Amino acid sequence: MSAASAASSVSARLPVFPWDKLEPYKATAAAHPDGIVDLSVGTPVDPVPEVIQKALVDAADSPGYPTVWGTERLRDALVGWTGRRLGAVAMGHANVLPVVGSKELVAWLPTQLGLGSGDRVGYPRLAYPTYEVGARLARAEPVVYDDPTELDPAGLRLLWLNSPSNPTGRVLAKDELTRIVAWAREHGVLVFSDECYLELGWEADPVSVLHPDVCGGSYEGVVAVHSLSKRSNLAGYRAAFLAGDPAVLGELLQIRKHGGMMTPAPVQAAAVAALGDEAHVVQQRARYAARRAALRGALEAYGFRIEHSEASLYLWATRDEPCWETVARLAERGILVAPGDFYGPAGERFVRVAFTATDERVEAAVKRLA
């Protein structure tokens, strides 16, 4: 196969990278006399907490290779945090695995699990695009759902849950999670639950699939995905981890060893500090809560309706018009948001508004919407 035909094969398997389509609107927003207010990508803008920075610097002299499984201190920290925060019981080192950011894991998980042609991967109808990308990279079939228990289980090897949801902020109730996990186990379907926004519940208290009320105290067939990007402003550190079924994680550990997928040693040390400190999480939540309240009020006064959005870093908003009309309307005011169809056709009349901009930029957006 030539290089050109190989590139063509890749492009045929994957959707168009959505953010490229937003560039003209970004240019329009950037031309505003007071500059752009970028509410399109949920990237942290606040400082990395000092306790985490110090841990990173103290571990800077790390000349040797780190291990894929992480240091014993990191595994202790992961086990401790899942117990304290998620209510997970009887967790040990075999139940946790650090990964190099959650997006890398989502994109390559079907491949690492050995999925391929004839296998199916389920994910929500409105969802983070990388679930579909991961299925296509493995040449598996991506299938969307409104209720996963209504899917045909034939060939369904992997089921993605996402609560709190990106983009909608919807939270799955405990009894709903319990019902889904029971159905998946009955049909031999592996559940991966993306819980990266679990610390950011506003009008609901998100529950993990690892909670004993959901999984029955057994982690068979269930894995949770967590990230330090949002709770600790560590998107630039690429620090995330898995927790759950030791058989699944053991297989992934071996594959990732062969692939050299190692979290850098200083980042491992920083993750230990982040997981051991709750004060910075409380402080960051307060920042986001204030920005969320300000933007929600301004959007509703401007004629938007907010749906779901009970958790996460986003407001799922609509003016009951095509999403690209809304994007263009806001870009003229110097505000950039994400069109809802990035997350599936069902979002074509919504936009996703992140409240991760600085206080000054949020205030500017509020004034422009007034």
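## Helix 2 and helix 12

In this predicted model, helix 2 (residues 23–30) and helix 12 (residues 323–332) have axes that come within 7 Å and cross at roughly 25°. Angles under 35 degrees count as roughly parallel, and helix 2 and helix 12 are therefore roughly parallel to each other.

Helix 2 contributes Tyr25, Thr28 and Ala29 to the contact, while helix 12 contributes Trp324, Val327, Ala328, Ala331 and Glu332. Sorted by class, the residues of this contact are six nonpolar, one polar and one charged.

## Aromatic pairs

The structure holds 14 aromatic pairs. One of them joins Tyr197 and Tyr314: the ring centres are 5.6 Å apart and the planes are at 65°, so this pair is edge-to-face. Tyr197 lies in the loop between strand 6 (190–194) and helix 8 (212–215), and Tyr314 lies in strand 10 (residues 314–318), so the pair ties together parts that are 117 residues apart in sequence. Both Tyr197 and Tyr314 are buried.

Phe342 and Tyr343 also pair, with ring centres 6.4 Å apart and planes at 55°, so the pair is tilted. Phe342 and Tyr343 are both buried. These two residues belong to a cluster linked by ring pairs, together with Tyr25, Trp316, Trp324 and Phe350. Tyr25 and Trp324 also take part in the contact between helix 2 and helix 12.

## Charges over rings

Tyr314 has a charged group over its ring: the charged end of Arg352 sits 3.8 Å from the ring centre. Arg319 lies over the face of Phe304, at 5.8 Å from the centre of that ring.

Notes: Residues numbered from 1 in each chain as written. Predicted model: local features only at pLDDT ≥ 70, side-chain atom pairs only at ≥ 80, totals over all residues. Heavy atoms only, no water. Phe/Tyr/Trp six-rings, centres within 6.5 Å; stacked < 30°, edge-to-face > 60°. Helix = DSSP H or I, 4+ residues; strand = E, 2+ residues; numbered from the N terminus. Buried < 20%, exposed > 50% of the residue type's maximum accessible area, 1.4 Å probe, protein only. Lys NZ or Arg CZ within 6 Å of the ring centre and 35° of its normal. Axes fitted to C-alpha atoms, helices over the stretch in contact; angles between N-to-C directions. Parallel < 35°, antiparallel > 145°, perpendicular 65-115°, else oblique. Contact = heavy atoms within 4.5 Å. Nonpolar A, V, L, I, M, F, W, Y, C, P; charged D, E, K, R; others polar.
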